[in-house]
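Welcome, and please open your viewer. We will go from stop to stop, with something to select at each one.

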Amino acid sequence: MRKEWFARIFVILLLAAAISIPVAGWWKRSQGIVIHARMAETGGWTPENLTVQVGQPLHLRLTSDDVTHSFAIGQSDQPPVDVIPGEMTDVTLVFDRPGKYTFYCTRWCSVNHWRMRGTIEVTGPTTTTEAVAPPLYVTLGLDIDAKHQAEFVPAETPSALRGALLHQVIPPAYQSREYYLIHTPVELWKALGGEPALQKLYDQDVWDLVAWVWQANTTSQELQLGKQLYAANCAACHGEQSGGNGVFADQLAQPKSKNPTGMQAGDMPVKPANFTDPNTMLSASPAHLQGKIIRGGMGTSMPYWGPIFTEKQTWALIAYLWTFQIEMEKLP
Amino acid sequence: MSTLQEIPWLDKAAADENAKAIRQARTVRNRYNLLRISWLLPLLINRWPQFVIRAMTLAGFVFTITAGLIGTRVGSHNFAIIFVWIAWWTALKLSFIPFGGRSWCSICPIPLPGDWLQQGGILTKGRGLGLNLHWPKRLKGSWLQSGAFLLIGLFSAVTLTDPRVTGWVFVALFGLSIGLSLVFERRAFCSHICPIGGFTGIYAQTAPIELRVIDTEICAKHDDKSCYRGCPWGLYPVAFRDSATCGLCMECLRACPQDNLALNLRPFGADIGKPRTAKRLDEAFLTLVMLGSVLAFTSVFVGPWGWLKSAAYAIGSLRWVGYALGFLALNLIVLPGLFSLAVWAGQKYTGKKFPLNREIANQAQALLPLGLMAWIAFTVSFALPKWGYVVAVINDPLGWGWNLLGAGNILWSPDVSGFSPVLQVILLLIGLFWSANVARRLADSDYRRTVPIQVFCLAFTLGMLWLLIG
C-alpha cells in the first residue's frame with residue numbers, strides 16, 4: 001500500500017508541475033499591459049499613455065491589429081522589437097530615472113507612421129525634475145521657421161580632403177566646437193575669405209577650407225551612427241539620397257496641393273526638405289538644424305524628434321546631413 | 001476479434017476442434033521470444049518502469065492540453081501543435097506502429113485516469129468506481145473508430161494547426177475516455193472509440209511483434225484465467241489470432257502463474273495474407289477509411305491546390321461543406337465502391353469461393369501494407385522538414401519567448417528536399433509490392449483473381465506518388 005501511495009503522489013506531483021508551469025507563466029504574463037498597435041490613421045497605440053515608478057518593471061504585451069509595427073523607446077538603448085499581427089511580444093522595461101519617455105514605431109507602417117507615438121511617465125520617489133538646458137536654437141533666439149537662402153554657394157561640392165591639402169593655417173577661433181555649432185558654412189566662408197592670410201585663395205579653395213573645418217567636427221563613427229539613424233527615421237520622407245523624395249514624400253504633399261485654399265500665409269512648402277540643395281543647407285547652422293529636428297514643424301509634416309533622439313544621436317544625424325553638401329573623406 | 005464474449009468454447013476450453021486451432025499457433029515458425037532476453041522480462045513484469053513512463057506521458061499530455069489552451073495561438077510556436085502533430089505523430093507512424101504495433105497503447109496516457117478509477121488504484125486494485133456495464137453489442141467492432149477518424153478528418157486542417165482546437169479535442173478525448181471507463185467495463189474507449197487505436201490496431205497486424213500464449217494446453221487446464229481477469233482490455237490471450245486488439249500492456253504477463261506468454265519477434269506482416277474465418281467488414285471499412293484519409297490529407301496539406309486547403313480551413317463555410325462532402329464521398333462511397341467492384345470483378349472471373357461480404361473483408365487485408373506505407377510517406381513529407389520546430393517548442397513550449405534550453409531562436413531545419421522524395425517513392429513502392437504479395441497469397445496464387453485488386457492498389461499508389469512528388 002505504501003507503493004501505491006508513492007505512485008499516487010508521483011502522479012499528482014507530475015500533473016501539478018504540468019499544469020502549474022504554464023499557468024504560472026500565464027499569470028505572470030497577465031500582469032502585463034496589452035498594447036495594441038494600429039496605423040496612426042486608425043488609432044496608433046492603445047493605450048498611448050502609461051505611468052510607472054522608477055525601478056518598477058513595466059511588463060508590456062505588444063500586438064498589432066494591422067501590419068507589422070515596431071516598438072522603441074526614445075532616448076534609450078532599448079533595442080526596438082517588432083510588433084507582429086496576431087502575436088504577442090513581451091517587453092519588460094525598467095526605468096532608472098524619472099521623466100516622460102516617448103515610445104514610437106520604427107517601421108514605416110503608413111504615411112503617418114511617425115504619429116504612432118505614446119508616452120510613458122516615469123515617476124520617482126522625489127518629485128524634483130532635473131533641469132534640462134534649453135537647446136541652442138532657443139538660447140540663440142534663432143527663428144527656425146524663417147526662410148533662409150545662401151548668399152553664396154560653391155561652384156562644386158566643397159571637399160575636406162582638398163581643403164587639408166591647401167596647407168593653410170586656419171585661425172583657432174574658427175576651429176572650436178562652439179564656433180561650428182552656431183555658424184553656417186556661408187558665415188565661415190565669408191569670415192575665412194576676410195582673413196588677410198587667406199585672401200589670395202580662390203573662392204572654391206575657401207569652400208574647401210570650410211569643408212575641412214566641418215569635417216574636423218565629426219568622426220567616422222559619428223557619421224556611421226548618423227547614417228543609420230537617417231536610414232531608419234528620415235529616409236522615408238527625405239529620401240535615401242536625401243533629395244526630399246522619400247517613399248512618403250508625394251503622399252505628404254498631396255493634401256495641400258489638392259486643396260490650395262488650405263494654404264496659409266507663411267506656409268512652408270510641404271515637400272520634405274532636400275538636403276542636397278546648397279541654398280538652404282549652407283545657410284543653416286548645426287544649431288539651426290538641431291532645432292528643426294528636435295522641434296519639427298515649420299509648417300510641414302516634419303515630426304518632432306526631441307523625445308526620440310538623444311543629444312548624441314541628434315548631433316550625429318546633423319553631421320551626417322552635412323555629407324550631402326560636403327565631401328568628408330579624410331587624408332589618406 | 002478476441003474478446004471473451006466471442007469465444008463460446010471458453011467454458012470447455014479443451015474442446016477438441018478449438019484446441020487444434022489453438023495448437024496451430026504454437027507450430028508457427030519464425031518467432032523469437034524476446035522474453036528469453038534475461039534483463040527484459042523483469043523490466044516488463046515489474047510495474048514501475050511502465051508506470052514511470054506512463055506517468056510522464058500523462059504529465060506530457062496534460063501539459064499539451066494546457067499549452068494548447070493558454071499558450072500562443074501561433075501553431076508553429078505552440079508545443080501542442082508541434083510536439084503532438086510533428087514529434088509524436090512522426091514517432092507513432094515511423095516507429096511505434098511499423099516496428100511495435102500497438103506499443104504506443106501500452107504507454108498511452110489517455111485511458112490511465114479512467115483505468116485507475118475503475119480499478120481503484122494505480123498499482124494495486126482496490127474498490128473501484130464505475131458501473132462496469134457491458135459494451136453494447138451493436139456498437140462493437142471498429143465502426144465507431146472509423147467514424148471518429150472521419151470526424152477528425154473533417155476538421156483536420158484546423159485541428160492540426162490551431163492550438164486551442166487541439167487542446168479542446170484532447171480535453172474531449174480525455175473526458176470521453178474517463179467517462180466511458182466509469183460507465184462501461186474495461187477499456188471501452190480504447191477498444192471502440194479511440195480513432196488512433198483503430199488504425200494502430202489494423203496496422204499492428206503488419207508489425208514484427210506479437211504477444212501470444214506459448215502452450216495453449218497449459219491455459220486450457222488453468223481454471224482461474226488470471227490473464228483474462230487481469231487484462232484491462234478484456235482480452236483472452238489464448239484467443240489471439242492477430243495483434244489488432246492487444247495493447248501490449250503486459251498485464252497478462254504479470255498475471256500468468258506459469259510464464260506461459262511470449263513476446264515474439266516475428267516477420268513483418270505475419271498476421272495478414274491468410275483467409276479469415278470471421279467476416280469483419282468493420283475492419284475492411286476502417287482499412288479503406290485510412291486509404292481515403294491519407295489521400296485527402298495529402299491533397300490538403302501537400303497537394304498543389306490552394307483552394308482545397310483554404311476550403312478545408314474555412315470550417316462552416318460553403319466551401320468547407322464542399323470539402324466535407326468530397327471527403328465523406330471519397331471515404332464512404334468512392335473507395336469502398338471501387339474496392340468492392342474490384343473484389344466482385346475478381347470473383348466474377350474465377351468463380352465464387354465465399355460470399356462477397358466475406359471476400360471483401362478478406363481481401364481488405366491486402367490494403368494494410370499499402371495504407372501503412374502511404375501514411376509513412378505522407379508523414380515523411382511534412383515531418384522531416386519541420387523537425388527543427390520540435391527543438392524550438394521544447395525551448396519555448398508556450399510561445400511566450402521562454403528560453404528553457406538556452407537555444408534561443410535557433411531553428412534547425414534539415415534540408416531534405418533531395419532525399420525526401422526518393423524515400424517516399426521507395427516507401428510507396430514497398431507498400432505496393434507488399435500489398436500485391438498479400439493479395440496473391442489471399443487468392444491462393446490465382447493471379448486472375450488478384451488482378452482487379454492489384455489495379456486498385458496501383459491506382460492508389462500512382463495517386464499518392466502524384467500528390468507527393470508531382
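How many helices and strands are there in chain A? Chain A has eleven helices and nine strands, where helices (H or I, at least four residues) and strands (E, at least two) are DSSP runs numbered from the N terminus. You are looking at a predicted model, in which local features need pLDDT of at least 70, side-chain atom pairs count only at pLDDT 80 or more, and totals for chains, interfaces and linings use all residues. Residues are numbered from 1 along each chain as its sequence is written, while chains are lettered from A and ligands numbered from 1 in the order in which they are written.

**Chain A as a whole**

Select chain A. Of its 332 residues, 32% are buried; a residue is buried if 20 or more other C-beta atoms lie within 10 Å of its own, exposed if 12 or fewer, and partly exposed in between, with C-beta atoms placed from the backbone. Among the contacts in chain A with a separation of 6 or more, 72% join residues 24 or more positions apart. Two residues are in contact if their C-beta atoms, placed from the backbone, lie within 7 Å.

**The sheet**

Next, show the strands of chain A. Five of them form an open sheet with mixed pairing, in the order 3-9-8-5-6. Strand 3 and strand 6 (81–83) are the edge strands, each pairing on one side only; two strands pair if DSSP finds at least two bridges between them. Zoom in on strand 5 (residues 69–73) and strand 8 (residues 99–104) of chain A, which pair in the antiparallel sense over two bridges. Here A:A72 stands opposite A:Y104 in strand 8.

**Backbone details**

Most residues other than glycine have a negative phi, and most peptide bonds are trans. Now select A:T46 and A:P47: the peptide bond from A:T46 to A:P47 is cis, with omega near -10°. A:P47 sits in the loop between strand 2 (45–46) and strand 3 (49–53) of chain A.

Move to A:H167, in the loop between helix 3 (160–165) and helix 4 (177–182) of chain A. Its phi is positive, near 55°. Is A:H167 buried or exposed? A:H167 counts as exposed because it has 6 C-beta neighbours inside 10 Å.

**Where the chains touch**

Finally, show chains A and B together. The contact takes 19 residues from chain A and 19 residues from chain B. On the side of chain A that touches chain B, helix 1 (residues 2–30) of chain A gives the most, with 16 residues.
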